[in-house]
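Please examine how the two chains of this model meet.

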6 protein chains.
Amino acid sequence: MPEVTISRRFDFSSSHRYYREEWSEEENTRVFGLCALPNGHGHNYTLEVSVSGEPDPATGMVINLVDLKGAVDGVLINFDHKHLNLDTPYFSERIPTTENLATVLWDEVAAALAARPGIPDGWRLARIRLHETEDLYVEYFGEPA
Amino acid sequence: MPEVTISRRFDFSSSHRYYREEWSEEENTRVFGLCALPNGHGHNYTLEVSVSGEPDPATGMVINLVDLKGAVDGVLINFDHKHLNLDTPYFSERIPTTENLATVLWDEVAAALAARPGIPDGWRLARIRLHETEDLYVEYFGEPA
Amino acid sequence: MPEVTISRRFDFSSSHRYYREEWSEEENTRVFGLCALPNGHGHNYTLEVSVSGEPDPATGMVINLVDLKGAVDGVLINFDHKHLNLDTPYFSERIPTTENLATVLWDEVAAALAARPGIPDGWRLARIRLHETEDLYVEYFGEPA
Amino acid sequence: MPEVTISRRFDFSSSHRYYREEWSEEENTRVFGLCALPNGHGHNYTLEVSVSGEPDPATGMVINLVDLKGAVDGVLINFDHKHLNLDTPYFSERIPTTENLATVLWDEVAAALAARPGIPDGWRLARIRLHETEDLYVEYFGEPA
Amino acid sequence: MPEVTISRRFDFSSSHRYYREEWSEEENTRVFGLCALPNGHGHNYTLEVSVSGEPDPATGMVINLVDLKGAVDGVLINFDHKHLNLDTPYFSERIPTTENLATVLWDEVAAALAARPGIPDGWRLARIRLHETEDLYVEYFGEPA
Amino acid sequence: MPEVTISRRFDFSSSHRYYREEWSEEENTRVFGLCALPNGHGHNYTLEVSVSGEPDPATGMVINLVDLKGAVDGVLINFDHKHLNLDTPYFSERIPTTENLATVLWDEVAAALAARPGIPDGWRLARIRLHETEDLYVEYFGEPA
């Protein structure tokens with residue numbers, strides 16, 4: 001069987017702020033612009049999770065979408081309707097840019113899939129695509145093996 | 001000349017929180033769900049502003065889009081990348097629901113258009129459509145004359 | 001308080017067939033084209049439900065979206081992943097065109113909202129918009145009072 | 001039977017220029033901006049044609065989409081891949097703004113539907129919605145009766 | 001000349017059912033959920049076909065879109081407005097999942113392009129992307145050479 | 001730090017014509033169809049520019065979007081609201097197909113990014129995706145190193 005890649009889209013809404021405490025106000029504004037404003041702002045994020053593998057001959061599936069949705073929903077409950085800087089543990093040192101959030105979500109989704117019991121072998125997490133707006137998105141393919 | 005309606009879409013990103021101080025924590029959560037969380041969350045809003053009138057025979061325009069864009073951009077600079085509860089004066093008493101935000105934006109856009117010099121007569125603000133997400137939007141047509 | 005209209009989008013997938021038993025094969029094909037094929041075909045429908053009213057001063061809501069979603073989800077469970085002709089009771093006489101499906105969904109959504117306990121007064125069902133494809137949709141505003 | 005409105009979307013691509021010969025270069029640029037440039041520019045237009053009526057009890061249709069598509073395709077063949085100022089007769093005096101193009105298309109579509117043989121009675125052209133870009137569109141509802 | 005990839009989107013509507021006759025009812029429901037319901041359901045599929053190659057210096061084209069559209073339309077006529085299980089020969093053993101349908105469409109499109117007379121050399125089928133819904137899609141790149 | 005790819009979408013509107021002077025009228029029409037018509041037509045193009053690299057640990061960015069937007073806007077000012085054949089120097093010999101326009105835009109964007117002062121190292125232009133319509137797009141990844 002040939003390898004295919006299946007992707008599913010998920011939505012969540014969060015707020016965030018770009019700011020480095022060790023920088024001056026001016027430096028924060030110069031680098032981060034409006035994103036440095038103190039009370040933050042937010043987005044409707046769209047997360048696309050892609051899994052590659054050979055479809056199972058019996059089910060025709062790379063991965064059962066019930067499993068994929070279960071794992072990703074379990075991750076996104078910690079991000080949806082939250083403030084990324086204040087309500088999650090990932091951005092005390094790192095700025096919650098789309099780039100950094102994409103790699104955080106890769107790690108969380110990979111761990112949630114690995115921890116979910118009963119998913120048959122034969123798949124691998126292949127790509128995370130994270131849209132911050134309709135016009136801006138980041139792709140991450142994991143660390144090279 | 002017959003009347004037509006021209007609509008232009010604008011984007012902005014804000015955060016907000018639904019919470020009534022005079023209610024208990026439980027009541028806030030019962031009514032507002034995840035929107036009551038303390039640090040807020042955010043959205044990519046899409047605002048559609050519609051203006052009706054007879055196209056000017058010389059220009060073929062109901063309103064010059066330079067004027068429409070200028071007026072609306074002047075309004076949205078106060079909402080984009082802001083926290084609606086903390087950074088704007090409109091939501092100390094009112095909850096920043098899509099419903100309430102739509103009527104606030106109507107008033108602000110109407111005032112900005114009225115204050116802009118040099119717009120020829122013959123148009124009226126006809127509709128505000130405000131998308132909070134792809135799946136949720138509010139329409140407001142102003143108060144009946 | 002002025003009246004606003006809030007709309008929420010829902011998705012479901014169904015199959016259907018256009019066919020009148022009392023017509024000849026030729027007549028069915030002449031009128032319904034490929035839609036008359038015996039084994040049916042299907043669509044990803046998008047249903048937009050619009051409710052009008054004055055936002056409640058305390059909550060800023062025309063209707064709590066938990067109630068709207070609860071009522072509409074309760075309706076769509078009978079249509080999603082179903083064959084409209086074979087699995088629902090509405091299309092034994094009527095053809096399941098987008099037009100007819102829109103009026104069926106209006107009746108079902110109106111009944112589900114009326115039957116849901118605890119929704120405060122002050123709203124009315126204002127519009128149903130049903131997309132059969134990205135390029136084809138029907139609007140229905142109910143019967144004139 | 002209640003009245004419903006059915007809408008179908010059509011695409012075409014044209015170029016155009018905004019320019020009044022009797023105005024100075026400066027006046028054209030002041031009013032029309034980049035649209036006054038001599039060699040024109042273009043758009044992917046999206047035309048939505050809406051027809052209202054009571055669905056026929058036998059067919060469930062306000063109008064057979066074969067008829068609607070046939071009539072509108074017969075109109076758009078004169079606009080698609082054309083220069084609106086140079087290749088159509090409508091814009092020698094009028095500027096091809098989205099406003100003016102919408103009213104021209106209303107007249108053309110209304111005439112094409114009226115001229116098409118065999119469409120059963122009971123429908124009326126209800127709305128033209130013309131998108132020039134994703135962010136700009138015009139609605140026209142015909143002249144008041 | 002450098003290699004580029006050109007992609008064109010096509011739409012079709014089909015119905016299908018996920019069910020293995022050799023499995024119990026319970027097993028079918030456990031694995032396939034609502035997709036196992038007896039009368040099937042359907043989708044508006046979107047097929048994106050991508051072809052790579054060096055643009056011809058004279059025409060600026062990797063492949064003439066008339067040829068690409070002709071070949072793909074000739075394939076999709078066998079899927080559009082059909083029931084994938086009952087009206088096509090591909091799914092008597094295989095489940096018509098998006099994964100399996102994508103590989104079937106690759107084979108059919110590749111064969112149709114190879115059989116079409118007069119397409120100049122220099123292109124190769126590079127990717128099939130098949131959307132079952134807005135939120136779910138499969139990519140297939142063919143078997144490794 | 002792992003490598004990620006960030007993409008931003010830009011819009012512009014242009015007109016063009018496909019025609020080779022050294023070919024007969026018949027040959028031009030046979031190959032280019034409606035695109036050979038003398039007065040041209042136009043599109044709303046969407047350009048997606050993708051840049052890859054390791055996010056800077058301090059800023060969380062592969063490239064500051066102010067720099068990316070500045071560079072690309074500086075390129076697109078020469079294409080927006082222009083006639084590609086008549087108003088740009090790139091298509092006297094080459095046909096302005098989406099394929100050829102994509103490679104031209106790669107060269108221009110790469111040069112504009114290289115010429116912009118103050119962009120920290122660590123990024124590379126990774127992909128150009130150019131949409132001519134919603135249904136047609138070209139991807140270009142540059143010449144192999």
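The report below describes the interface and the relation between the copies.

This is a predicted model, in which local features need pLDDT of at least 70 and side-chain atom pairs count only at pLDDT 80 or more, while totals for chains, interfaces and linings use all residues. Residues are numbered from 1 along each chain as its sequence is written, chains are lettered from A and ligands numbered from 1 in the order in which they are written, and side-chain values use heavy atoms, with hydrogens and water left out.

In the interface, 22 residues of chain B are in contact with 22 residues of chain A; contact means heavy atoms within 4.5 Å. The two chains bury about 1,700 Å² between them, with 49% of it on carbon and sulfur atoms. Buried area is the accessible area (1.4 Å probe) that two parts lose on being put together, summed over both. B:Asn39, B:Asn44 and B:His81 supply 35% of the area that chain B buries against chain A, more than any other three residues.

The rule finds two salt bridges across the interface of chain B and chain A, each a side-chain nitrogen of Lys or Arg within 4 Å of a carboxyl oxygen of Asp or Glu. The table gives one of them.

| Residues | Closest N and O atoms |
|---|---|
| A:Arg9 and B:Glu134 | 3.2 Å |

Chain B can be laid on chain A with an RMSD of 0.0 Å by a turn of 180° and a shift of 0.0 Å along the axis. That is the relation of a two-fold axis. Copies are superposed by least squares on the C-alpha atoms of residues with pLDDT of at least 70 in both. Of the interface residues of chain B, 100% are also interface residues in chain A, so the copies meet through the same surface.
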